Amino acid sequence: MQTTITETLARAAQRLRAAHETGQPCSPVRDLIDADDLDSAYRVQDINSRYWESRGRRVVGGKIGLTARVVQQQLGVDQPDYGLLFADMAVADGGLIPWGQVLQPKVEAEVALVLARDLSHDQITLADLIGATDYVLPALEVVGSRIADWDITIADTVADNASCGAYVLGTTPRSLREVDLSLCGMNLTRRGEPVSVGAGAACLGNPLNAALWLANTLARARRPLRAGDLILTGALGPMVPARPGDRFRACIEGLGSVSVGFAKENDDD
């Protein structure tokens with residue numbers, strides 16, 4: 001009997017879900033969906049998002065990936081991608097992530113927006129986004145791939161919820177009136193040593209541009225951003241692989257700092 005498209009997408013979703021549940025990375029899903037088939041990849045992502053929601057996980061916003069032009073070129077695309085953020089991905093500022101909680105983790109510094117109003121209408125404008133933003137925070141995103149050795153195409157990472165892993169938010173909210181996000185310089189250290197630098201302009205010219213893209217994309221996908229939702233706007237500089245025992249700290253000009261550590265392997269404390 002011929003396998004239907006629906007069955008094929010369900011198989012791809014189950015493969016990624018099994019990797020999440022077992023902590024064992026899986027093979028890429030491009031044997032099931034074409035490497036550049038974004039529509040199918042987002043359908044796989046949606047299958048798993050709705051699966052997790054049905055089991056009590058709560059969506060609290062979205063993240064934007066592939067905001068750097070060089071990374072887009074590497075994957076052969078001309079636009080960002082997105083994934084959904086769940087409440088259980090949050091880690092406290094200064095906290096410790098158990099090793100293995102995020103598969104193959106890498107860390108990047110970002111600007112986070114928190115919304116005061118829904119962004120659910122058509123043709124959302126930059127003015128709409130600015131007016132709906134309650135405050136801004138420095139953030140660390142811990143990206144992780146359920147796919148072994150980060151052997152990904154654009155379809156693989158989109159299907160894998162844009163390689164979402166965990167996120168950390170700073171604790172001092174700022175108003176958009178207080179800072180020009182395009183000019184925010186960023187410095188990321190690992191164990192006290194500088195490992196990544198950048199600025200707001202590296203994120204599609206301005207993190208607000210990335211957030212606007214996400215707002216319109218999710219509205220069209222019938223998953224609009226709501227009041228209280230979080231937006232991780234994308235990396236301000238190169239991501240850095242994490243190792244057991246590492247501690248990362250990001251300082252973003254005008255926003256403050258945020259930090260997180262990783263436990264050592266087999267550390268039960």
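Mentor: Let us begin with a term: a residue counts as buried when its relative accessible area is under 20%, and as exposed when that area is over 50%. Please keep in mind that the model is a predicted one.

Trainee: Is Asn-161 buried or exposed?

Mentor: Asn-161 sits in the loop that links helix 5 (154–159) to strand 7 (166–169). Its relative accessible area is 11%. The cut-off for burial is under 20%, so Asn-161 is buried.

Trainee: What is the phi of Asn-161?

Mentor: Most residues other than glycine have a negative phi. Asn-161 is not a glycine, yet its phi is positive, at about 55 degrees.

Trainee: Which relative accessibility does Ser-163 have?

Mentor: Ser-163 also belongs to the loop between helix 5 and strand 7. Although it is not a glycine, Ser-163 has a positive phi of about 60 degrees. Ser-163 counts as buried, and its relative accessibility is 4%.

Trainee: Why is strand 2 described as largely enclosed by the rest of the structure?

Mentor: Strand 2 covers residues 81–86. Burial requires a relative accessible area under 20%. Strand 2 is largely enclosed because the residues that are buried number six of the six.

Trainee: Which residue of strand 2 is the bridge partner of Val-59?

Mentor: Strand 1 (residues 59–65) pairs with strand 2 in the antiparallel sense, over six bridges. Within strand 2, the partner of Val-59 is Phe-86.

Trainee: How many charged residues are in the lining of the second largest pocket?

Mentor: This pocket has a volume of about 380 Å³. Its lining comprises 23 residues, with His-20, Arg-57, Met-89, Arg-146 and Cys-164 nearest the centre. The elements contributing two or more lining residues are helix 1 (5–22) and helix 2 (38–54). By type, the lining holds nine nonpolar and nine polar residues, and the charged ones number five.

Key
Residues numbered from 1 in each chain as written. Predicted model: local features only at pLDDT ≥ 70, side-chain atom pairs only at ≥ 80, totals over all residues. Heavy atoms only, no water. Buried < 20%, exposed > 50% of the residue type's maximum accessible area, 1.4 Å probe, protein only. Helix = DSSP H or I, 4+ residues; strand = E, 2+ residues; numbered from the N terminus. Pairing = 2+ DSSP bridges. 1 Å grid on protein atoms, 1.4 Å probe; cavity = no way out; pocket = protein on both sides within 12 Å on 5 of 7 lines; lining within 4 Å. Points joined across faces, edges and corners; volume = space filled by probe spheres on them. Nonpolar A, V, L, I, M, F, W, Y, C, P; charged D, E, K, R; others polar.
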